[in-house]
Every structure is written in C-alpha cells, then in structure tokens.
Amino acid sequence: MTDHVDEYRAALARAHEHALEWLDSMDTRPVCPTATADDLAAEFAVPLQDGPLDAASVVDELAKKAEPGLMSMPSGRFFGWVIGGTLPAAMGADWLVSAWDQNAAMRRATPATAAIEGAAGTWLLDLLGLPAGSDVGFTTGATISNFVGLASARQYVLTQAGWDLDNDGLTGAPKVSVFVGADRHATIDLALKYLGLGVPIPIDVDDQGRIIPAALAEAMEKVAGPAIVCLQAGNLHSGAFDPIREAAAIAHAHGAWVHVDGAFGLWAAVSPSLRHHLDGIETCDSWTTDAHKTLNVPYDCGVAIVSRPEVVRSVFGVHTSYLLNDDLGPGDPFDKVPEFSRRARGVPVWAALRSLGRSGVTTMVERFVEHAQEFARALRELPGVDVLNDVEFTQVCVSFGSDERTKDITERLLEDGITWMSGSRWSGRDVLRISVSNWTTDTDDLTDSLNAITRAIAASDTP
Ligand SMILES: Cc1ncc(COP(=O)(O)O)c(C=O)c1O
C-alpha cells in the first residue's frame with residue numbers, strides 16, 4: 001500500500017498544483033476557450049499506448065492539453081446559461097468525496113456519507129421553507145430532479161386513479177394530463193418524455209413567462225382524470241416566478257400533484273426580501289433545485305425533494321438479497337434517486353452550507369440579485385438598449401434593437417473575451433441573457449463586463 005500511497009501523493013500533488021494555477025488564472029485569462037473540441041481531439045485521441053504511464057505524468061498531460069479548451073466558468077465574469085462557481089469548502093469536500101470513493105447508495109454500507117447527506121437535506125428543507133420530513137435526494141442536476149418529481153407524481157396520480165403502475169405498466173393506464181406554463185424549461189418536456197407521459201398541455205403565460213392561474217383553471221376544467229401541474233420558480237430568461245399559491249390551489253382542487261421546477265429560483269426562499277416570490281411553495285408536492293447553480297458547489301449536484309417519502313421510495317427503492325436495506329426511518333439514499341451506485345455528491349452541499357451559515361447563503365443570493373439589478377440599471381442607460389424583463393431575481397434579458405444588431409453585439413462581446421453571456425431568443429426576440437450565479441463576482445467584474453458590452457456596441461455601430 002505504501003507504494004500506492006506514494007503514487008496517490010504524487011498524482012494529487014500535481015492535481016493540486018494545476019487546480020490552483022487554474023483558479024489563479026481566473027482574474028486574467030479570457031473567459032472563453034481558445035481551442036475548439038475539434039482542435040483538442042487530436043491532442044487527446046492519441047493511439048492508446050501499450051504499457052502503463054506514471055500517474056503524476058498523466059495528470060500533468062491532462063492539465064496541459066486541456067487548458068486551452070477550458071471555459072472560465074469559475075470566473076466572476078462568467079454569466080452564461082445558469083452556472084454557479086464553486087465555494088472553497090465545497091471544492092475541498094468534493095476532493096474528499098473522490099478520495100473516500102464511497103458508493104453512497106446505502107446507509108448501512110456508507111454511514112458517514114449517508115449522515116452528511118441526511119444533514120444537508122434537513123438544512124435544505126429548513127432554508128428553502130419546505131415541509132420537514134420530505135425526502136431529499138441528490139441527483140446529477142435539475143433535469144433528473146424534475147424526472148424524480150414527475151415520476152413520483154405519475155405514480156401517485158395513477159395510484160389515486162386505481163391503476164397499479166408497478167405491476168401493469170403504462171399500457172392501458174388512464175391518460176395522465178400534465179399542465180405546464182408555456183414558458184417552461186425544456187427539461188420538463190425531457191423528463192415527461194423519459195416517463196412516457198407525452199407532450200404536456202401548455203398554459204398561457206404573462207409577459208414575464210409566469211403561468212396565468214385563470215388559464216390553468218380553464219384548461220383543467222376541460223380535462224378529467226389523473227393530472228399533474230408543473231410550476232416554475234425562476235424563469236430561465238426573466239427569472240420570474242409562477243404565482244405558486246394560487247396555481248397550486250387550483251391544481252389541488254382537481255386532485256393534481258404539483259411539481260415545482262426551482263432549479264435556481266428556489267433559492268429566493270433564503271432571503272426575507274425575496275421570499276414573497278415563493279409564496280405557497282410549501283403547499284406543493286415535489287420540488288427541483290440545483291446546488292451546482294445558486295449554491296455554488298461543483299458539478300454535478302441537483303436536489304430532488306418529494307413531500308411524500310412513501311411515494312418516491314416506491315418509485316426508486318430497490319430490495320434484493322445482496323443489498324443492505326435500511327427500511328426504517330430516513331430511507332436509503334438510493335431509494336430517492338434513479339441511480340443505484342453514485343458518488344456522495346451531497347457532501348459538498350453540507351460543506352457549502354456549513355461554511356456559509358444561514359446568513360452567508362442569504363447574503364450570497366441577495367448579492368446575485370443586486371448585481372443583476374445593477375447590470376439592468378447600467379444597461380438601461382445605454383442608447384438603443386432594452387432590458388426586456390422585470391429584473392426581480394438573477395436573470396437579465398437585453399435586446400439591442402433589431403435581432404441582427406443583438407446577434408452581432410453578442411458575437412463581438414464573446415470574441416472580446418472579457419466576459420461571457422449567452423445569446424438566446426425570448427418573447428419572439430433575440431436577446432443577450434445575463435445570469436448572475438457566481439459567488440466571486442464583484443463590482444469590478446460588473447464594471448469590466450459592462451465596459452466590454454459598451455465596446456461591443458461601439459464596434460457593431462462602426463461602419
Ligand atoms: C429552470 C431550469 N430547470 C431545469 C434546468 C436544467 O438543469 P440541469 O442542467 O442542472 O439539469 C435549468 C438549467 O438551467 C433551469 O434553468
């Protein structure tokens with residue numbers, strides 16, 4: 001084992017050094033990669049040699065070859081998609097998760113990681129204002145958390161309708177109607193596809209993408225039978241929140257299960273000044289959020305929360321002779337997520353929350369919102385710039401007039417390399433979309449990024 005430990009020591013020392021070099025470079029390197037995946041394919045797709053290589057030299061090779069193709073996602077000037085950075089304690093914990101190498105499926109096999117994830121889950125329920133006693137599962141991300149919530153929903157509403165899904169499958173089952181705001185995230189459709197539930201019934205939304213309760217009520221009146229309503233806390237473009245209490249009450253009056261996709265928006269619950277956006281959140285039945293977005297833990301870490309443990313465990317629980325099931329009490333980690341074997345991805349959540357404390361989480365989320373609002377304020381002052389959304393959370397959607405001009409400015413901005421923001425299309429217009437999700441972003445990052453936008457506008461307007 002001593003030899004092995006020496007090999008680990010050498011490989012980890014190199015990884016440690018490369019990781020710090022990478023993190024140190026965030027202040028100065030361009031945000032976007034300088035090589036494409038095709039460029040790098042030639043670097044990595046060398047013929048596989050016959051014999052082994054020294055572990056430390058493999059780590060060196062990886063770091064050297066990958067560097068030009070890495071996007072500076074941990075940078076304070078990265079505002080693309082909805083992507084968080086990584087808090088130091090969460091990163092340290094993530095390294096330990098790899099070193100411990102626990103298959104975090106069963107409480108009796110890996111008591112430490114089960115206890116850590118259990119504690120993280122309890123803290124999350126408390127911080128997010130969700131019912132104590134709900135089951136919390138750690139998934140690869142919001143996509144799979146949506147799948148967990150909707151799979152639980154499917155199981156529940158079909159059982160209520162007298163259908164034994166586990167025994168009889170979906171063929172011949174009563175039709176399950178799924179109602180969802182027209183401006184939902186695409187992963188809701190993806191989860192429904194995995195579940196064989198087909199295309200949902202889209203409900204009209206307002207100009208911020210929020211579901212209109214009267215339209216939901218009208219649509220639900222027209223359809224009988226088992227139903228699921230999927231609400232959104234945090235619209236990808238506007239950051240807006242569905243009117244949860246009202247919509248959930250309509251859904252429940254029809255016997256529907258209510259799932260909430262709060263991939264990043266559920267974190268508004270930690271702030272007294274933002275919590276009102278989630279009024280009624282505790283009345284819903286299942287919730288999705290991501291820790292790798294707003295909480296700033298490393299990828300991949302989603303959170304699937306289900307108010308009825310017996311339902312989610314009946315969907316995902318496995319009992320067979322060679323397993324160590326712990327049927328009493330909190331349930332095994334693998335009862336709550338689709339994966340059987342998995343890394344202990346909830347451990348960095350515990351570390352992130354422990355390092356920030358309650359007030360630290362609140363301050364971080366409120367700072368994201370303040371930065372988004374500062375972006376919006378400064379951008380509104382520039383000629384020919386329209387901020388299209390009410391900036392109430394972390395998202396800002398900007399148009400520079402025509403779609404052509406918006407696209408051109410977005411391209412120039414990304415070429416400039418100081419900042420990264422996503423181009424997208426919302427409400428029938430091309431937009432530049434800013435998502436503030438990184439704990440390291442500071443006012444200098446805002447100034448540098450706003451200057452880069454101003455440069456891109458000037459370059460676009462220069463004949
Ligand atoms: C509202 C919403 N739902 C779901 C997702 C999918 O999340 P993930 O990529 O973690 O699976 C996202 C991603 O940005 C999102 O914004």
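**View 1. Contacts of threonine 187.** Leaving aside neighbours within four places in sequence, threonine 187 is in contact with Ala142, Thr143 and Asn146. Two residues are in contact if their C-beta atoms, placed from the backbone, lie within 7 Å. The model shown is predicted: local features need pLDDT of at least 70, side-chain atom pairs count only at pLDDT 80 or more, and totals for chains, interfaces and linings use all residues. Residues are numbered from 1 along each chain as its sequence is written. Threonine 187 belongs to helix H8, residues 186-194. Helices (H or I, at least four residues) and strands (E, at least two) are DSSP runs, numbered from the N terminus. Serine 75 is 112 residues from threonine 187 along the chain, and their C-alpha atoms are separated by 26 Å.

View 2. Of the 14 residues around the ligand, Gly141, Ala142, Thr143, His185 and Ala263 come nearest. A residue counts as near a molecule or strand if its C-beta atom, placed from the backbone, lies within 6 Å of it. The shell divides into six nonpolar, six polar and two charged residues. Here Ala, Val, Leu, Ile, Met, Phe, Trp, Tyr, Cys and Pro count as nonpolar, Asp, Glu, Lys and Arg as charged, and the others, Gly among them, as polar.

**View 3. Helix H6.** Helix H6 covers residues 142-160. Its 19 residues should span 27 Å at 1.5 Å a residue, and the end C-alpha atoms are 27 Å apart, so the two agree. The expected span is 1.5 Å times one less than the number of residues. H6 is mostly covered, with 17 of its 19 residues buried. Just after H6, glycine 162 takes a positive phi of about 85°.

**View 4. Backbone exceptions in loops.** Most residues other than glycine have a negative phi, and most peptide bonds are trans. Tryptophan 81 has a positive phi, near 40°. Tryptophan 81 sits in the loop between strand E1 (78-79) and helix H4 (88-100). Serine 427 also has a positive phi, of about 50°. Its loop runs between strand E11 (420-426) and strand E12 (429-435). Which peptide bond is cis? The bond from tyrosine 299 to aspartate 300 is cis, with omega near -5°.

Notes. Buried ≥ 20, exposed ≤ 12 C-beta atoms within 10 Å, placed from the backbone.
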